[in-house]
Amino acid sequence: MIDLDRIRADTPAASRLTYLHNAGAALMPTPVVAAMKQHIDLESEIGGYAAADREAQRLDAVYGSVARLLNAAPDEIALVENATLAWQMAFYSLPFRQGDRILTAEAEYAANYVAFLQVAKRTGAIIDVVPSDASGELDVHALERMIDRRVKLIAITWVPTNGGLVNPAEAIGRIARAHGIPYLLDACQAVGQMAVDVEAIGCDMLSATGRKFLRGPRGTGFLYVRRALLQQLEPPMIDHFAAPWVSRDEYRLRDDARRFETWENNYAARLGLGAAVDYALEIGLAPIEERSRLLASGLRCGLFSIPGVIIYDLGRAPGAIISFTLDGYEAEAIVSSAATAGITIGASEPSSTRIDAEIRELPPLVRASPHYYNTQAEIDRLIDHVADLASR
């Protein structure tokens, strides 16, 4: 069971605003903020290098925390500045040639898709989009039919930026493993919202951020690379931490996933990330997922009952992101009016998932994303606010 009173006490801002923008950047709990402040204070007292040396054990423990979160090994984890960098370090490490195929989903995120386009332009690789099934999820049967010897990567976003969709990551993993194809999973909006087990999923690489449902600080992210694939990948950029300079004409890549890191880091933020992971693990990802989905379902149903509201969510079991519009109002106008009422939500532009947006003719969408620390009263508050706008 989730101790909601304790969790909300750890989230002081929750007492003065209704925060439903966790798919953007969640509210950090006090242990996360404290971990960062303590390290900054230490740096101010003894200097950055000495502070890192003194806290070396705690800093190294972050790898173990992230590994436990993913059911991975610490040497399969790299800690980087954000999820985009994590994804890019994995993607750009893969070699592509003329005619190689990259399979992705209709709801793929813009940052990933432009990288596909760049590699296609440079190498002659081909981007093939797997169609969605009737529910809006990636069609795994279509994926299976699209496999041939030219497919060099399957890369999908597990929980896209809008639409509530949760793609069938495990089913995709089974296909990727059966055919020996590398599988890169963008878990940016899944980690912290639901349980993540890389062994069960079968992905070879996974990228994620700290700032969203994990409730960590901005400027943090991590990359998982399966040990069996790790030795085959050379990062697109290296420094002397990723690859020590062993002789005048030779460098040697690290044996672990830290080959994707650089020497200089924001250690205060890294400790904040570790605290966020430990906080989520202590609560339990299964109850977090259950409560988040319950709150999201209630919000979805409440909004659906309001005349003029259109819900744009997809999938058989939507997650904790609700995307909607209200007749007569631009998305940003709804976000602004909600902010005036003390309710924090966000908006999503069609350009963030252009293929899905073009197929479904999506306008800019309002995006509300509750999390386990929210209350039913806060869900009702947003429903009432939208209903009030609809009645004007």
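**Close-up 1. Length of helix H6 (residues 110–123) in the predicted model**. Helices (H or I, at least four residues) and strands (E, at least two) are DSSP runs numbered from the N terminus. At 1.5 Å a residue, the 14 residues of H6 should span 20 Å, and the end C-alpha atoms are 20 Å apart, which agrees; the expected span is 1.5 Å times one less than the number of residues. Just after H6, Gly124 adopts a positive phi of about 85°.

**Close-up 2. The buried and exposed residues of H6**. Asn112, Tyr113, Ala115, Phe116 and Val119 are buried (under 20% relative accessible area; exposed, over 50%; partly exposed, in between; 1.4 Å probe, protein chains only). Seen down the axis of H6, the buried residues fall within an arc of 155°, so they line one face of the helix; the arc is that of the directions from the helix axis to the C-beta atoms. Val114, Lys121 and Arg122 are exposed on the face turned away from the buried side.

**Close-up 3. Packing partners of H6**. The buried residues of H6 pack against helices H5 (83–91) and H14 (354–360). Their strand partners are S3 (101–105), S4 (126–130), S5 (151–157) and S6 (183–186). Contact means heavy atoms within 4.5 Å.

**Close-up 4. The surroundings of Gly24**. Gly24 lies in the loop between strand S1 (18–19) and helix H2 (30–46) and is buried, with a relative accessible area of 13%. Not counting residues up to four places away in sequence, Gly24 touches Arg211, Lys212 and Arg367. The C-alpha atoms of Gly24 and Ala347, 323 residues apart along the chain, are separated by 9.5 Å.

**Notes.** Residues are numbered from 1 along each chain as its sequence is written, and side-chain values use heavy atoms, leaving out hydrogens and water. In this predicted model, local features need pLDDT of at least 70 and side-chain atom pairs count only at pLDDT 80 or more, whereas totals for chains, interfaces and linings use all residues.
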